[in-house]
Amino acid sequence: MYIIVVGGGKVGRNLARELIAKNNEVTLIESDQRRYAIVEEELEHNVINGDGSEIWVLESAGIGRAEMVIPVTGDDEDNILIAQMARERYGIERVIARCNNPRNLQHFDLLGVKPAVSATDLILRLIEHEVPRYGMHHLLDLPQENLEILEIEIFADSPAAEKRIAELDLPEGVLVISILRDGGGFVPIGDSMIRVGDEVLIVLDAGLEPVITERFQPTADRAA
Amino acid sequence: MFVVIAGCGRVGSSIAKTMLDEGHEVSVLDEDPRASLLLDTGLDRSWAERGGSFTLGTALELDALLAAGIDRADAFVASTHGDNTNLVIAQIAQRRFGIERVVVRVLDPARAAWYREQGLSTVCPTQVAVEMLEAAVREVV
């Protein structure tokens with residue numbers, strides 16, 4: 001496969017090396033002359049010196065025949081632009097962009113740049129998984145389907161403790177799908193009691209998490 | 001009309017001053033606190049005293065754009081020193097905030113031309129200069 005990588009920093013350089021080792025044809029574009037010289041020593045003719053957001057540079061790298069374009073510079077605006085031009089101007093379907101600041105992910109999304117990979121965001125998600133906030137785990141996120149499945153531990157001071165599910169008055173889009181108790185589990189009905197120590201599995205429309213927090217989390221534990 | 005201008009260099013600050021003089025409400029955003037000095041130069045009263053507003057922040061940050069009032073802007077000017085930044089924030093203004101009058105400065109003629117075809121109002125000073133120089137050369141000959 002012919003792949004163009006834009007940005008010769010740590011990410012781009014390691015990526016290019018691995019892709020070449022996997023028998024792909026790779027061109028790496030780096031704008032900074034000093035960094036270009038360093039990368040060129042290792043990757044030789046696979047590297048060109050130029051601004052990868054300039055159309056003539058992309059064309060001299062042969063973007064017309066590229067099957068994949070991967071912008072991984074340190075600037076999100078550059079990565080967005082390069083990805084957008086690769087897809088919309090050159091019709092390349094496989095585009096993977098690096099997002100440096102996870103706050104910019106929404107811009108990538110808005111301008112149709114998908115997938116965007118943010119190392120910071122990945123690490124943040126791992127941290128959340130490893131150190132769950134107030135006993136709440138994301139078991140499954142289905143962004144395309146707009147659904148999430150959460151697992152929540154019930155503590156003595158949880159507003160849901162010792163209540164029937166019907167009493168929780170859960171809105172549409174939120175469903176308790178099972179209760180795990182004493183090493184077993186069951187699918188509850190409206191009359192089922194939620195006990196302290198239970199783990200409750202809930203399926204919900206993405207965005208309804210605040211409702212869950214309100215109904216299940218002890219007040220003191222809620223995110224500040 | 002309420003105009004938000006992202007990027008307060010020579011271009012952004014000049015547009016800002018003209019717009020304010022013409023009686024429009026103007027809000028300027030720049031990441032460099034010194035940029036606001038450009039808004040004060042050549043005038044007897046400061047930008048703030050004249051009723052202009054200045055927000056310190058990075059144009060790509062949504063919070064900064066919101067602080068500058070992008071959500072109620074009638075017109076948006078992208079005039080930072082980065083072509084790619086301008087093209088991205090202009091599309092944010094257009095698609096996310098539905099601003100109809102969005103103007104983008106793009107120094108690179110090739111990118112300016114392509115994004116104009118995609119429906120952005122790009123203004124390319126380089127292209128304008130090229131055309132003026134060409135015309136001037138013809139006059140000499």
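**Sheet and helices of chain B**

I began with helix α1 (residues 10-21) of chain B, which lies across β1 (2-6), β2 (25-30), β4 and β5 of chain B and runs at about 165° to β2(B). I note that helices (H or I, at least four residues) and strands (E, at least two) are DSSP runs, numbered from the N terminus, that axes are lines fitted to C-alpha atoms, for helices over the stretch in contact, with angles from 0 to 180 degrees between N-to-C directions, and that contact requires C-beta atoms, placed from the backbone, within 7 Å. Helix α4(B) also packs on the sheet, where it touches β1, β4 and β5 of chain B, and its direction makes about 175° with that of β5(B).

This is a predicted model, in which local features need pLDDT of at least 70 and side-chain atom pairs count only at pLDDT 80 or more, while totals for chains, interfaces and linings use all residues. Residues are numbered from 1 along each chain as its sequence is written, and chains are lettered from A and ligands numbered from 1 in the order in which they are written.

I then traced the open sheet of six strands, whose order is β3-β2-β1-β4-β5-β6 (chain B), with parallel pairing; two strands pair if DSSP finds at least two bridges between them. Its edge strands, β3 (53-56) and β6 (121-123) of chain B, each pair on one side only. Four bridges join β4 (residues 75-78) to β5 (residues 101-105) of chain B, and B:A75 has B:R101 as its bridge partner.

**Helix α4 of chain A**

Helix α4 (residues 76-88) of chain A has 13 residues and reaches 18 Å from its first C-alpha to its last, close to the 18 Å expected at 1.5 Å a residue, the expected span being 1.5 Å times one less than the number of residues. Because 11 of its 13 residues are buried, α4(A) is largely enclosed by the rest of the structure; buried means that 20 or more other C-beta atoms lie within 10 Å of a residue's own, with C-beta atoms placed from the backbone. Its buried residues pack against β1 (2-6), β4 (68-71), β5 (94-95), β6 (97-98) and α5 (105-110) of chain A together with α4 (83-96) of chain B.

**Where the chains meet**

I found 15 residues of chain A in contact with 15 residues of chain B. On the side of chain A that touches chain B, α4(A) gives the most, with five residues.

Definitions and conventions:
Buried ≥ 20, exposed ≤ 12 C-beta atoms within 10 Å, placed from the backbone. Contact = placed C-beta atoms within 7 Å.
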